[in-house]
Amino acid sequence: MLISGVDDGFFPLSYKGGKGKSPLVVTLFEDLAFKDVNLGFITVDGSDAKEAFCKINWGVTTIFDGVTFAGFNYIIPDKNYIIFYGYRPNVAKVKLALDKHFHDDREEKIISILERLVRIESRWGPVYLYTDLDLTLARNLIDKYQVISKYPEPIRYAHVIGKALGHWHARC
């Protein structure tokens, strides 16, 4: 079974408010074997993450490291997805930040996902998911890919690649 993972990368605080780009990384795994990676760039606090993701994804079941990327850019996936959180986000703080900085529909979309996260017990402790998959299947996928931490390998790899690429990009 093919699984992909999505995470963003490092960006300097000076990029906030749409002043710079951050990497968006999509990894591809077949069982526990890393197969490929696709990269794109998204505007920090922009609204182009879903469009960028659609250009670089493989159309397989995807684990997202949250719903927001590069600040408050966001992806609301269409199908075959797991939105993963290793901890329960503080919805009140997220809402406060969104109210302060944005005047569009992103607050409604992001908060609606955060309020519907489901806590599951995984081999590494409690995690929080929002998914369109059967919850038992989602739990089994998370458990299968939790090899060295509570973060499944597809998003852990995307995080490591994104962080390195983001630091490189910020220096160029």
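A residue is called buried under 20% relative accessible area, exposed over 50%, and partly exposed in between (1.4 Å probe, protein chains only). The model is predicted: local features need pLDDT of at least 70, side-chain atom pairs count only at pLDDT 80 or more, and totals for chains, interfaces and linings use all residues. Residues are numbered from 1 along each chain as its sequence is written, and side-chain values use heavy atoms, with hydrogens and water left out.

Helices (H or I, at least four residues) and strands (E, at least two) are DSSP runs, numbered from the N terminus. Two strands pair if DSSP finds at least two bridges between them. Strand E2 (residues 21-30) and strand E3 (residues 33-43) run antiparallel. They are joined by 10 bridges. Within this pairing, Val25 stands opposite Leu39 in E3. The hairpin of E2 and E3 has 2 residues between the strands. There, Asp31 takes a positive phi near 55°.

Salt bridges were examined next. A salt bridge is a side-chain nitrogen of Lys or Arg within 4 Å of a carboxyl oxygen of Asp or Glu. The structure holds 10 of them.

Asp31 lies in the loop between E2 and E3 and Lys144 in helix H4, so the pair ties together parts that are 113 residues apart in sequence. Asp31 is partly exposed, at 38% relative accessible area. Lys144 is also partly exposed, at 36%.

A salt bridge also forms between the side chains of Asp45 and Lys16 (3.0 Å, N to O). Asp45 sits in the loop between E3 and helix H1 (49-56), and Lys16 in the loop between strand E1 (2-8) and E2. The two residues are 29 residues apart. Asp45 is buried, with a relative accessible area of 10%, whereas Lys16 is partly exposed at 29%.

In the salt bridge of Asp78 with Lys50, the closest N and O atoms are 2.8 Å apart. Asp78 belongs to the loop between strand E6 (73-74) and strand E7 (81-85), and Lys50 to helix H1, 28 residues apart. Asp78 is exposed, with a relative accessible area of 61%. Lys50 is partly exposed, at 28%.

The surface also carries a nonpolar patch. Patches are made of residues with over 30% relative accessible area and no salt bridge; like charges are joined within 9 Å, nonpolar side chains (Val, Leu, Ile, Met, Phe, Trp, Tyr) within 5 Å. Leu32, Val147 and Ile148 form this patch, with about 270 Å² of accessible area together (Shrake-Rupley method, 1.4 Å probe; for residues, only the protein chains shown count as cover). Ile148 is found in the loop between helix H4 (135-145) and helix H5 (153-171).
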